[in-house]
Amino acid sequence: EVMVQASLDFVKDMRGVRFDAYIKSKDIWIDIEMQTTNEKNLERRSRYYQTMMDSDYLEKGGKFNDLKNTYVVFICTFDYFGLDEPEYVVESYIPKNNLHFDDGTSKILLNTKCSPDKVPEKLRAFYAYINDPTKVGSKLIEGIDERVKEYNTKEWREKFVTLEYMIAEAAVK
């Protein structure tokens, strides 16, 4: 199941989230976020997003071992850590013993502004497209470009904003 602009709101006084893309499969759940501005909050933001995904899945009386593996993917048009790496994968571990702490969470920061020679082959066409949307260099990127054009319209944004307003108004009543 793939949802675009998926909103999760659980309690009236709790901050909700709106995922750019929310993917749910049998085994994993993935939130994909496009980041064009560095607000220097991705560590805490990713923590909250993963908490919201867990809350979306685990019902009252549910078992913790039933939680899905979750991934928060930030596609960044800036180098968050300034190390010129094409991707940063963050997982939990115990530093003293260098042990992996398998909590089923991963954060992935894609740095589309890294040196082009460092970009893995599998990501080159995608990074090129993010940096210049006129560069549609593969069938996969063509599909992505079609979806971007479908959702990046004035009409779609107006419908979405109107729907959000109606939901907010209904919650107040």
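A crossing of two helices is left-handed if the near helix is turned anticlockwise from the far one by less than a right angle, and right-handed if clockwise. This is a predicted model, with residues numbered from 1 along each chain as its sequence is written. Local features need pLDDT of at least 70 and side-chain atom pairs 80 or more, while totals for chains, interfaces and linings use all residues; side-chain values use heavy atoms, with hydrogens and water left out.

**View 1. Helices α2 and α3 pack against each other.** α2 (residues 121-131) meets α3 (residues 139-151) at an angle of about 30°, and their axes are 10 Å apart (lines fitted to C-alpha atoms over the stretch in contact, angles from 0 to 180 degrees between N-to-C directions). The two helices are therefore roughly parallel (under 35 degrees; over 145 is roughly antiparallel, 65 to 115 roughly perpendicular, the rest oblique). The crossing of α2 past α3 is right-handed. On the α2 side you'll find A125, F126 and Y129, which meet I141, I144, D145 and V148 of α3 (contact means heavy atoms within 4.5 Å). Sort the residues of this contact by type and you get six nonpolar, no polar and one charged (Ala, Val, Leu, Ile, Met, Phe, Trp, Tyr, Cys and Pro are nonpolar, Asp, Glu, Lys and Arg charged, the others, Gly among them, polar).

**View 2. The largest nonpolar core takes in 17 residues.** Such a core is a set of buried Ala, Val, Leu, Ile, Met, Phe, Trp, Tyr and Cys residues joined through side-chain atoms within 4.5 Å. F19, Y22 and F74 have the most contacts inside this one. β1 (2-8), β2 (17-24), α1 and β4 (69-76) each bring in at least two of its residues, and α1 gives the largest share, four. Beyond its neighbours within four places in sequence, F19 is in contact with V4, Q5, A6, L8, D31, E33, Y49, M52 and M53. A separate second core has 13 residues, including I30, V73, L110 and F126.

**View 3. Two threonines sit in two loops: T36 between β3 (28-35) and α1 (42-57), and T112 between β8 (105-111) and α2.** T36 is exposed at 56% relative accessible area, whereas T112 is buried at 3% (buried is under 20%, exposed over 50%, partly exposed in between, with a 1.4 Å probe and protein chains only). Outside four places in sequence, T36 is in contact with T77 and F78. F78 is 42 residues away from T36 along the chain, yet their C-alpha atoms are separated by 7.1 Å. T112, again leaving out residues up to four places away, touches I75, C76, T77, Y127, I130 and N131.

**View 4. K40 has a positive phi without being a glycine, and so does D84.** For K40, in the loop between β3 and α1, phi is about 55°. K40 counts as exposed, at 64% relative accessibility. D84 also has a phi of about 55°, and its loop runs between β4 and β5 (87-91). At 23% relative accessible area, D84 is partly exposed.

**View 5. The protein as a whole has four helices and eight strands.** These are DSSP runs numbered from the N terminus (helices H or I, at least four residues; strands E, at least two). Along the sequence they read β-β-β-α-β-β-β-β-β-α-α-α. Of the 173 residues, 29% count as buried. Among contacts with a separation of 6 or more, 52% join residues 24 or more positions apart.
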